[in-house]
Amino acid sequence: MRWGSRDASHARTGSDAIGRALGRRPRAARVVALAALLFTLWPGGAPAPALAVGSAMVEEEWVGDRDGEPSDEDLIATAAGPAAAEGPAPAATPGSELGAVPDASEAVAPAPDLDAAEPIEMLERTVAPGTRARLQLRTSESFSGTMVVTPVFVVHGSRKGPRVCVIGGIHGDEVNGVEVVRRMLKLLDPVSMRGTIVGVPIANLTAFRRGSRYLPDRRDLNRYFPGRPTGSSASRIAHGLFTNVVRGCEAVIDIHTGSFHRSNLPQLRSNLADPGTVVLSIAFGARTVVNNAGRLGTLRRAATDAGIPAITMEAGEPARFQEEDVAEGLDGLFRLFRSLGMIETGDEVPPPRPSPVMAFLKTRWVRCDQGGILVSRVKLGEPVVAGQALGTISDPLSEEEETVVSPISGTVLGMAMDQVVMPGFAAYHIGYEERPLVPNLASETAAPETMVPSDPEGLDLEERPE
Ligand SMILES: [Zn+2]
């Protein structure tokens, strides 16, 4: 599956514009691609299209292990395509006397291909332009002394562009995001791509193997970013991921689900006081965006604090693969990549949403006052009005019943599945103060320091209310 080639000058302009919008740091000057020289001197004097160079020059294959899975030693990239190995020898430069080979001093040097990407260094490996690689992030040791290795996939385009990081599985039981990253990596083609996409399908492998949200010591990894090299186990894992993977990126997308038998409408969590994050959120084109700065310790907050625009996608409920939510996440990512000029429009890129992305500037959790069996009367995404019954709680022992009433008018962004609840359980997440998301919303939105938590306990800033 390939994205079509694109007009290089247009792409460069678009990429630079987004780079500026994202606050991208200037990169070092790039070297001239040797491939350009080969094709400039091709018989007939007609240079081959730039992207054809990449596809002819690079051949890659996964090295499988015994189980047929890609091994930890990842792929081999060879620069021995048909153009180099089988093509005819370059003819003399057109216009030279009698076709004689021109004197070296008279040869015209080919124009440098300023748009060609350079190799990138990451996790002690070099990844060549137009190739993909499976790298290893060694973050911690288990109690038995076994090194825990987290696979990090890099799809490095043959043309210059931004570096974007997509992470799933920070909470080990949130599997929709794992599937989104897996499918994303499968669809991307480094040869026709611009820029670099770093994918971490399962950031918290230890928790994923246990089917748990938490690390074995019950710590929540998403409370320890950016982490410390000498801190707790969670802090060390966070530090390894943040320092070696996230810091080199110009945008971060972290994918989550609701927690503890709660489900979330597909939505973004974005700090709309940050212009770069507003650009990302519009480009992703989620159905809804929730404005908050993110709790301290989350990957999103640590990234934005470090000057890297970051969004969290919420989709569905934990411990399940939900096709609709996975598709929604994948659509958003490819809209984003297209908008950043990293891929071309193709069948896999969904059209922009016909209506503007709506942002909820505030949200509020509605909690249960009584324990019992909760049965909801509303659905995710449903608009509700103040005083409307959201659900009922029946106590099978006391025969008491409570109606859970919405204190505000808004939209149901997250809710508990029907289940047994305790008093104080956060059951419905209602978004309100809805606005169309436009690029200048950042100037109208309160800075993180001045934002007032919409829950008196300040517990609603991430996907998990306590
Ligand atoms: Zn999560």
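Reply: Happy to! Let's start with burial: a residue is called buried if 20 or more other C-beta atoms lie within 10 Å of its own. In this predicted model, buried residues make up 47% of the 466 residues in the chain.

Me: What makes a set of residues the largest nonpolar core here, and which have the most contacts inside it?

Reply: Such a core consists of buried residues of nonpolar types, joined through C-beta atoms within 7 Å. The largest one has 98 residues, and V154, C165, V166, V246, V252 and A427 have the most contacts inside it. Helix 7 (residues 233-246) is the biggest giver, with seven residues.

Me: How do you know where this core lies relative to domain 2 and domain 3?

Reply: Both domain 2 (114-357) and domain 3 (362-436) give residues to the core, so it lies between them.

Me: What does V154 touch, leaving out residues up to four places away in sequence?

Reply: Contact needs C-beta atoms within 7 Å. By that test V154 touches M122, V127, R132, A133, L135, T196 and V198.

Me: Why are strand 11 and strand 13 called paired, and in which sense do they run?

Reply: Pairing takes at least two bridges, and strand 11 (residues 288-291) and strand 13 (residues 358-367) have three, so they count as paired. Their sense is parallel, with V289 opposite A359 in strand 13.

Me: How many bridges join strand 13 to strand 20?

Reply: Nine bridges join strand 13 to strand 20 (residues 426-436), and the two run antiparallel. Here W365 stands opposite H429 in strand 20.

Note on methods:
Residues numbered from 1 in each chain as written. Predicted model: local features only at pLDDT ≥ 70, side-chain atom pairs only at ≥ 80, totals over all residues. Buried ≥ 20, exposed ≤ 12 C-beta atoms within 10 Å, placed from the backbone. Helix = DSSP H or I, 4+ residues; strand = E, 2+ residues; numbered from the N terminus. Domains from an automatic or database assignment. Contact = placed C-beta atoms within 7 Å.
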